[in-house]
Amino acid sequence: MNISNTKLDLDFVRSQFPSFNDPLCKNWSFFENAGGSYVPKQVIDRLNTFMISTKVQPYAEYPMSKIAGDNMDQATELFAKMINATNTEIIIGGSTSINLYVLSNALKYSLKPGDEIIVTNQDHEANISPWRRLSEIGAIIKEWKINPETAELEIETLENLLNDKTKIVAVTHCSNIVGTVNNLKKISKLAHEKNAIVIGDGVSYAPHGFPDVKELGVDFYTFSLYKTYGPHLALLYGKEEILKNLPNQNHKFLEGNYPYTINPGGPNHEELASLLGIYEYISSVFNHHFNEEITDIRQKIIKINELISEHEEKIANPILEYIKSNKILNLIGKDRIINKNRAPTISFTHKHKTSKEVSNTLISNNIATRNDNFYAWRCLNSLGISTDDGVIRVSMVHYNTVDETQKLLKALEQL
Ligand SMILES: Cc1ncc(COP(=O)(O)O)c(C=O)c1O
């Protein structure tokens with residue numbers, strides 16, 4: 001937690017996001033951040049500049065091309081530092097779903113019939129389907145099921161599934177429905193004792209603070225950059241010693257040139273370069289709040305994460321408390337955020353109304369939200385919730401305000 005007295009300055013934060021002044025967006029409280037966040041001006045500026053000045057094939061010697069390539073490399077390097085990885089461990093792909101599918105395709109060559117893969121029924125389908133599909137090559141799929149009472153994954157259940165045949169454990173860092181933060185460090189330790197690797201889905205975790213992938217101990221970790229204030233891309237981290245042994249899925253002559261061997265083709269250039277804007281945004285928030293020179297990028301991230309967590313607790317806990325205490329609403333997951341044990345991604349159902357009716361009531365109060373299964377349909381199924389109507393999900397990030405929380409609570413009262 002934030003041990004200094006510094007509080008997140010919301011006026012400053014929101015002044016960095018042009019959407020808050022946009023005629024279409026400005027009267028809305030945005031509670032659909034788990035679907036995709038707004039972008040700060042730094043990202044938009046980077047994208048604009050790239051398109052105007054450097055939208056040419058990168059890595060040639062003329063300045064427009066050289067700058068394009070330099071910016072793409074710099075963005076990769078900065079993101080590597082932000083999550084405590086090296087730039088040869090970072091792959092930028094079109095989406096998390098694509099990243100995980102491409103990864104499963106590469107990993108299948110190291111599996112033999114009878115090898116076991118553990119998937120959960122809490123994850124978004126993006127981290128389930130690519131692994132279940134490997135039954136086609138004889139892999140045995142085992143499901144780590146949530147406790148239907150709490151919607152949570154329990155470590156003891158995993159311990160009972162792990163054995164010497166387990167090769168892969170695919171698990172979410174934080175569910176996009178339940179919100180609970182799973183203990184990836186512990187999960188990785190248990191899996192590694194059986195020589196299995198861990199694939200962590202960080203999509204619902206990363207928008208609330210970029211993690212240290214080495215500390216988590218995972219072998220692969222992926223998150224969607226369009227939910228962490230960037231364009232529609234996703235990052236995949238992979239441990240170098242594993243990446244370099246994966247088969248080449250790119251052009252033949254690129255053999256041995258990992259990490260470029262993982263994706264069959266390159267990233268979207270302008271969007272990759274615009275990721276520099278995410279770092280510039282974080283730096284501007286850092287400089288606004290802290291009067292100190294820090295050159296270590298990860299240290300900066302740690303301090304920003306503390307500020308963000310404290311603010312997110314403040315805006316999310318009253319909503320959790322309200323839903324929990326309201327007899328006609330069913331809250332999914334923990335009823336309080338304490339020390340980052342939960343993301344401010346809050347799903348619930350109504351005892352007498354459909355999720356669509358409830359979400360429409362919220363929308364009529366200018367609260368941007370939706371009802372859906374959010375592709376976590378196995379999770380909803382196991383909780384006995386219709387995957388057509390789904391849950392109502394209100395998801396916040398650090399730029400949401402206390403006023404917006406009040407507005408949501410007032411709208412919920414109309415139910
Ligand atoms: C937890 C989680 N994992 C994976 C995904 C898939 O991400 P993408 O849209 O980048 O494929 C999502 C998307 O909503 C998600 O919420």
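View 1. Strand β3 and strand β4 (residues 140-144) run parallel and are joined over five bridges, where two strands count as paired if DSSP finds at least two bridges between them, and where strands are DSSP runs of E with at least two residues, helices are runs of H or I with at least four, and both are numbered from the N terminus. This is a predicted model, in which local features need pLDDT of at least 70 and side-chain atom pairs count only at pLDDT 80 or more, while totals for chains, interfaces and linings use all residues. Residues are numbered from 1 along each chain as its sequence is written. Within the pairing with β4, T120 has W144 as its bridge partner, and V119 stands opposite E143. With strand β5 (residues 166-172), β3 also pairs in the parallel sense, over three bridges, and here E116 faces T166.

**View 2. Burial of strand β3.** Five of the five residues of β3 (residues 116-120) are buried, so the strand is largely enclosed by the rest of the structure; a residue is called buried if 20 or more other C-beta atoms lie within 10 Å of its own, exposed if 12 or fewer do, and partly exposed in between, with C-beta atoms placed from the backbone. E116, I118 and T120 point one way from the strand, whereas I117 and V119 point the other way, and all are buried.

**View 3. The four-stranded sheet.** A further open sheet has four strands in the order β9-β10-β13-β12, with antiparallel pairing. Its edge strands are β9 (329-331) and β12 (370-372), each of which pairs on one side only, and the twist averages 40° from one strand to the next. Strand β12 is joined to strand β13 (residues 391-395) in the antiparallel sense over three bridges, with D372 opposite V391.

**View 4. The shell around the ligand.** The residues around the ligand are S95, T96, S97, H124, A126, T172, N176, D201, V203, S204, S224 and A234, a residue being near a molecule or strand if its C-beta atom, placed from the backbone, lies within 6 Å of it. By class, this shell has three nonpolar, eight polar and one charged residues, where Ala, Val, Leu, Ile, Met, Phe, Trp, Tyr, Cys and Pro count as nonpolar, Asp, Glu, Lys and Arg as charged, and the others, Gly among them, as polar.

View 5. G69 is found in helix α3 (residues 63-82) and counts as partly exposed, with 17 C-beta neighbours inside 10 Å. Leaving aside neighbours within four places in sequence, G69 is in contact with P58 and Y59. T295 lies in the loop between α11 (276-289) and α12 (297-325) and is exposed, with 6 other C-beta atoms within 10 Å.

Conventions:
Contact = placed C-beta atoms within 7 Å. Axes fitted to C-alpha atoms, helices over the stretch in contact; angles between N-to-C directions.
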